[in-house]
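Student: I would like a close look at one part of this model. Please keep the answer brisk.

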Amino acid sequence: MNNFQYARATDVADAIRLLAADLGAKLIAGGTNLIDLMKENVERPSRLIDISRLPLRNVEETADGSLRIGALVPNSDLAYHPLIEQRYPLLASAILAGASAQLRNMASVGGNLMQRTRCPYFYDTATPCNKRNPGSGCSAMDGLNRNHAILGTSAACIATNPSDMSVALAALGALVHIAGPSGERTIALTDFHRLPGNTPHVDTNLGTGEIITAIELPPHGFAQNYSYLKIRDRMSYAFALVSVAAALELEGNAISGARVAVGGVAHKPWRSLEAETALRGQAATPDHFSHAADLLLQGATSRSHNGFKVELARRAIVRTLAQAANATPQSQAHKKIA
Amino acid sequence: MSDLTHQIPERIPIHLVVNGVNHTLDLVPWTTLLDALRDHLALSGTKKGCDHGQCGACTVLVNGRRVNSCLTLAVMKDGAEITTVEGLAKDGALHPVQQAFIDHDAFQCGYCTPGQICSAAGLLAEGRARDADEIRELMSGNLCRCGAYPNIVAAIQQAMGQP
């Protein structure tokens, strides 16, 4: 780890001031990803601005029935929050599918959105990586790319976003509240993360000197018909090969609303409005789920080792939609897939 | 402000309550809680396994919650109460998880054991695990390369008061 200065922010405005004063500074909250990247010399901040004591730990209902979640709420506290368990069980399930109990106790909601890819070449400073060192090349392209993206890739980068929480947030239509030097703004979670394009070193649309202050969940939580299915190489404490967050609104057996987000396949949670529109008005049957999966996976491309992900994702989407329709959501503890 | 970035980082005075004992330390900011415990307070019960949050050997309780001490900076925990494996026994009596690990022979080489025990103590305090499947899932952040998992699960069930 390189040497760095340490400062403790006294409030959000102070954090923004401290960020503006040192272009090499980074915010730290839970630190579970940043400290690891610093040990690997991938991140080399000149200064850490400790925001962990700022008063951004509330989960509160707003006047319109939305839920506003402070950026510093630990992942575990959010997953076990009564309002999340009751109204947004899809989010609770996705959070509990990620990391370990110890890490969830430390990691913040805002930090979860800011975590970097786990591409092994991004971590290995001895190899070229356009995300870590822009213009140096992509070692994954013709290297060990079994866990890499099949959608929205570019010639510069095929990394995936590792977050489970973000997949559920994308399906639920969450908003991200941001504060910065020029005031406050709100953007959709689905616009928060970027596709790699020619600038894979830029993961998100968070601007220079900005800080996430809260996540907002719209009133509708799809608490009846939902499932989060995560497929991985070991049964727990591993990143997804493919994960699916599915949420349905049913009238009898007819679908009146559908949300599907896929994780582990792209640089951001993958949604397709075309697929969701195609499900609307249809019967909740495997053939319609299969059609939606085809639409979600339109344009999928693979490299030498990750071709299996296309079919894996297709089957996972169909299976997760069936779990949601049957109101038999995947348990994260009991591993049998219904 | 630019000269700020070129200052030599100074040691920062911090206060920790470790296993009920007050400590004041002057630490450089990149000292992890794990290194503070082991190298500055001579509490070597907490183990450094992977040092990357992947094995759980460094698990301690911070203000009663289990965390990976290797991914925590000591300066960020200024004022916190830390419990390590050395602090679990009370008045000469082992913590129920410690006793259960002995009763069930829940270890082989023992290197992961302090982390397993602190993690299990945290799991009991959280109260979220109700059966063996849930214990396995909520203990998945603690690896045991000897493979003592069946006995670890049995020990935790005993500590939970399950048959």
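Student: What distance separates the centres of domain 1 of chain B and domain 2 of chain B, taken over C-alpha atoms?

Tutor: The centres of domain 1 and domain 2 of chain B, taken over C-alpha atoms, are separated by 21 Å. A word on conventions comes next. This is a predicted model, in which local features need pLDDT of at least 70, side-chain atom pairs count only at pLDDT 80 or more, and totals for chains, interfaces and linings use all residues. Residues are numbered from 1 along each chain as its sequence is written, while chains are lettered from A and ligands numbered from 1 in the order in which they are written.

Now the two domains. Domain 1 of chain B covers 10–87 and domain 2 of chain B covers 96–160; the bounds come from an automatic or database domain assignment. Where they meet, domain 1 of chain B brings 16 residues and domain 2 of chain B brings 13 residues. Contact here requires C-beta atoms, placed from the backbone, within 7 Å. On the domain 1 side, strand 3 (59–62) and strand 4 (65–68) of chain B each supply at least two residues. Strand 3 of chain B has the largest share, with three residues. Strands (E, at least two residues) and helices (H or I, at least four) are DSSP runs, numbered from the N terminus. By class, the domain 1 side holds six nonpolar, seven polar and three charged residues. Ala, Val, Leu, Ile, Met, Phe, Trp, Tyr, Cys and Pro count as nonpolar; Asp, Glu, Lys and Arg as charged; the others, Gly among them, as polar.

Next, a helix pair in chain B. Helix 3 (residues 113–126) and helix 5 (residues 149–159) of chain B have axes that come within 11 Å and cross at roughly 40 degrees. Axes are lines fitted to C-alpha atoms, for helices over the stretch in contact, and angles run from 0 to 180 degrees between N-to-C directions. Helix 3 and helix 5 of chain B are therefore oblique to each other. The scheme counts angles under 35 degrees as roughly parallel, over 145 as roughly antiparallel, 65 to 115 as roughly perpendicular and the rest as oblique. Helix 3 of chain B passes helix 5 of chain B in a right-handed crossing: the near helix is turned clockwise from the far one by less than a right angle. Helix 3 of chain B contributes B:Gln116, B:Ala120, B:Leu123 and B:Leu124 to the contact, and helix 5 of chain B contributes B:Ile152, B:Ile156 and B:Ala159. These residues divide into six nonpolar, one polar and no charged.

Notes: Contact = placed C-beta atoms within 7 Å.
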